[in-house]
Amino acid sequence: MDLARHWRLKDQRYRLEGTVCAECGAKFFPPRQVCTECKSTNLKPHEFAGRGELYSFTTVSAPPSGHEEFVPYIVGMVKLDEGPLVEAQITDVNPADVKIGQRVEMVTRKLRAYGDDGVIVYGYKFRPIVNGS
Amino acid sequence: MQSVSVVGIGQTKVKEHWDRSLRELAVQAILGAMQDARVDHADALYVGNMLSGELTAQENLGALIADAVGLRGIEALKVEAACGSGGAALRAGYLAIASGEYDVVIVAGAEKLTESSNCYATASLAMAADADYEAIHGISFVALNALLMRRYMHEYDLVPEDFAAFSINAHANAAHNPYAMFPAPITLAQYQRARPVSEPISVMDSAPMGDGAAALVLMPTERLNGNRNRAVKIAASAVATDALALHARRDPLWFGAVELSAKKAYAQAGVTPQEIDLFEVHDAFSIMSVMSLEAAGLAERGRGAYLAREGEIGIQGRVPISTMGGLKARGHPVGATGVYQAVEVVQQLRGEAGKNQVPNAHIGMAQSLGGVAANAVTHIFVN
Amino acid sequence: MSVMKPKRDVGIIGYGAYVPRFRIRAEEIARVWGGADEGVPIEEKAVPGLDEDTVTMSIEAARNALARAGIQPKQLRAVWVGSESHPYAVKPSSTIVAEAIGAAGRANHDSPLLAADWEFACKAGTEALQAAIALVGSGMADYAMAIGMDTAQGRPGDALEYTAGAGGAAYIVGPAENSLAYFEGSYSYVTDTPDFFRREHQHYPQHGNRFTGEPAYFDHTLHAARGLMDELGYQPSDFAYAIFHQPNVKFPQTAARKLGFAPEQIAPGLLAGKIGNTYSGAAMLGATAVLDIAKPGDRILLCSFGSGAGSDAFSWVVTDKILERRGRAPKTAWYVARREVIDYALYARYRGKLVMN
């Protein structure tokens, strides 16, 4: 069930916590231990705002095991406003309404469950930005 | 470093081998290669394989297969670099000879993908990507390539039909390869009608999963003796890596590892990309062919798909690729594929490729990719 | 005085709604099971997506509440989730919500936090709200969050299937001086009345049909609402709006009439016809819809009902802080209007009603 593994990743999964290089300011999601820009190992936690635009997307109908119950689902790459790309599911939208370049925002959803008696893994997905104010 | 040559090749047909185990397939290919090389011993065996543990509950393939093939006692181990495992095993075998450590080395690639359910195999193949940041999101290996293809089409204003010629070429070539999984030509209409897997990728853009094994016997070029006639020299062997996850790459539409390993290989062999007579490209998906051709310097950036459309990739073309069917139509037993590619280049350079023979083939390149080109293993062969 | 009110004045400083986007029309359920001749109790109900549950829906409502409150998550001293559809039988939803909104976890080791799940059929959320009022009112905390959220299940073919919906709301209680609606008092009333229940390990609840009405919903709702008004010395006309628990459209309308409220006082907070009965979320979500439109000075009656049985009645008065805060997050009406209609087949799939193993 990978209990410790998913527990370990919750800051990233729930709140898009990545890292920022204390030396050169480069921002990373997922977090890195070594800066790709200046090789510094002095990186600090950095929470991303969770908004960006869709870089690419596709639909999965032949799923890897553990994801069967969700098909068909949309997966995508999101270019966060702070720079990094992140891969995640795109939710709350019909495939026909998804477009490259679309503005999206992070939501927290169920990523998968380990059967009916196992742990439920929650984490980030993205959806077209809601403007319901 | 001493020069290394391939002196023997062997392969099984790629298909769903319900009746044969991983070890039986490996033994068949290795015995074929040893017979072809006319050797009855070897100093070491390197087995390229990705998923034996996950799909057949069997690791430690080195000892298992060395013993099964009658070579109990020799150095033997498994080499894993996802779908590039076969190429990586060849790299290991190459180094073992080039370093002067051994005189006869066997390189095998073996994979059995059809032992488990499809969803399970799909999940296993996704292990080639980043488990914590790609696979957990249900992003299958096909989906990763679909993400690239969609963006590529967006950037360069292409439609799926622009990729059709890769599949058509692969199937046309496979028709004359008795070892191919799908030895039948396809038409553009069949391509257009194909069932989508992860849009824009359809089944006709995807290499089929299959079981199979291939093998090579390597020796120092200086000690070929009676094998000299049919020997093919390995003029370059180079490996490079990129970020494993697509999101971590500076430019997801550029195969950095392909460029690095190809450049190293060209330098080692002292050739230019234009001098390559044939290229066994890692065409697991059409988009991989396109991006590999560009990064390897065989097409300009954004023009990889045009190469196929203009007929340059056929047997008689300027850059023949997938000459025995490629991953697309010969089949893709993932960890074995890199060795199949090497076997096919040797067939071409020996002049034994039959109806698929590339005329005046002297320099052939094989490139085995692990993950979505996170790992690129390039070998250049000359006769 | 038997009205309940803490010594320290408190109020709502932030609120957030959530309703999932799928809808099934009541007539579609009637098509599958018959029964359309008898009329249907609502138009349509909200259905959660495959990747949604009480936890994920609570997280979005909680984030909306935080956005309106304008406080840091680590200022919260309690995150309480009231629901009858917690995804785990054992393991709190509230700790997941608390971490997701940044109120708990590694960065909060210096900020104590209470978290717990509450269960009292449809009044679990307002029970948590009472506790949040008490926690802040006692001075133990400056800010506490109470959520009422459900993804309710009705047995296929049962009358409940027409109404068992999904949605809810989150409230942050804080000092009255920082509130967008200050608290005047509450009145709670409970009895042992088995009108509706679900036994351990059962997927669907049992209910007493008409027994759920007079001795259950009406007795408790009217008693609590009258108790509150009597104690505070108010008449229905003193309230701009009233929100009642809404298992359907008719019950809250009847309760309002019996209490002397006019239809226009309850209409803005009566969402059941469009999203169904959101159980623990129902009254609380009706109240977010009202807060979205209320004017400073408006007095609001909020009265929940939970089977088993009991009611919590609250009186709130809107302050001028509502004006700057309510635009900071999506409004309830936006969630209600966001809709994707599905048929019974998709509904059966989304709600886990297909036998897969």
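# Report on a predicted three-chain model

In chain A, the mean positions of the 18 positive and 17 negative charges are 3 Å apart.

Chain A contains two helices and eight strands. Taken along the principal axes, the C-alpha atoms of chain A fill a box of roughly 45 × 35 × 30 Å. Of its 133 residues, 61% count as buried. Considering contacts in chain A with a separation of 6 or more, residues 24 or more positions apart account for 48%.

An open sheet in chain A is built from three strands in the order S2-S1-S3, with antiparallel pairing. Its edges are formed by strand S2 (27-28) and strand S3 (43-47) of chain A, each of which pairs on one side only. Strand S1 (residues 17-21) of chain A is joined to S2(A) by two bridges, and these two strands run antiparallel. Within this pairing, A:Thr19 has A:Phe28 in S2(A) as its bridge partner.

Chain C comprises twelve helices and 14 strands. Its C-alpha trace spans about 55 × 50 × 35 Å along the principal axes. Among contacts in chain C between residues at least 6 apart in sequence, 80% join residues at least 24 apart. The mean positions of its 36 positive and 39 negative charges are 3 Å apart.

| Chain | Accessible surface | Share from carbon and sulfur atoms |
|---|---|---|
| Chain A | about 5,500 Å² | 48% |
| Chain C | about 13,300 Å² | 52% |

Of the 357 residues of chain C, 64% count as buried. Helix H9 (residues 282-291) of chain C is largely enclosed by the rest of the structure, because ten of its ten residues are buried. Under 20% relative accessible area is the criterion for burial. The buried residues of H9(C) include C:Met284, C:Leu285, C:Val290 and C:Leu291, and among them are also C:Ala282, C:Ala283, C:Gly286, C:Ala287, C:Thr288 and C:Ala289.

In chain B, one residue is described in detail. B:Ala68 lies in helix H3 (residues 61-68) of chain B. With a relative accessibility of 35%, B:Ala68 counts as partly exposed. Leaving aside residues up to four places away in sequence, B:Ala68 touches B:Arg23 and B:Val27. By comparison, B:Tyr179 is 111 residues from B:Ala68 along the chain, and the C-alpha atoms of the two are separated by 23 Å.

Chain B and chain C are joined by no contact, and their closest C-alpha atoms lie 12 Å apart.

Conventions:
Residues are numbered from 1 along each chain as its sequence is written. Chains are lettered from A and ligands numbered from 1 in the order in which they are written. This is a predicted model: local features need pLDDT of at least 70, side-chain atom pairs count only at pLDDT 80 or more; totals for chains, interfaces and linings use all residues. Side-chain values use heavy atoms; hydrogens and water are left out. Contact means heavy atoms within 4.5 Å. Helices (H or I, at least four residues) and strands (E, at least two) are DSSP runs, numbered from the N terminus. Buried means under 20% relative accessible area, exposed over 50%, partly exposed in between (1.4 Å probe, protein chains only). Accessible areas come from the Shrake-Rupley method with a 1.4 Å probe; for residues, only the protein chains shown count as cover. Lys and Arg count as positive and Asp and Glu as negative; His and the chain ends are not counted. The place of a charge is taken as NZ of Lys, CZ of Arg, CG of Asp or CD of Glu. Two strands pair if DSSP finds at least two bridges between them.
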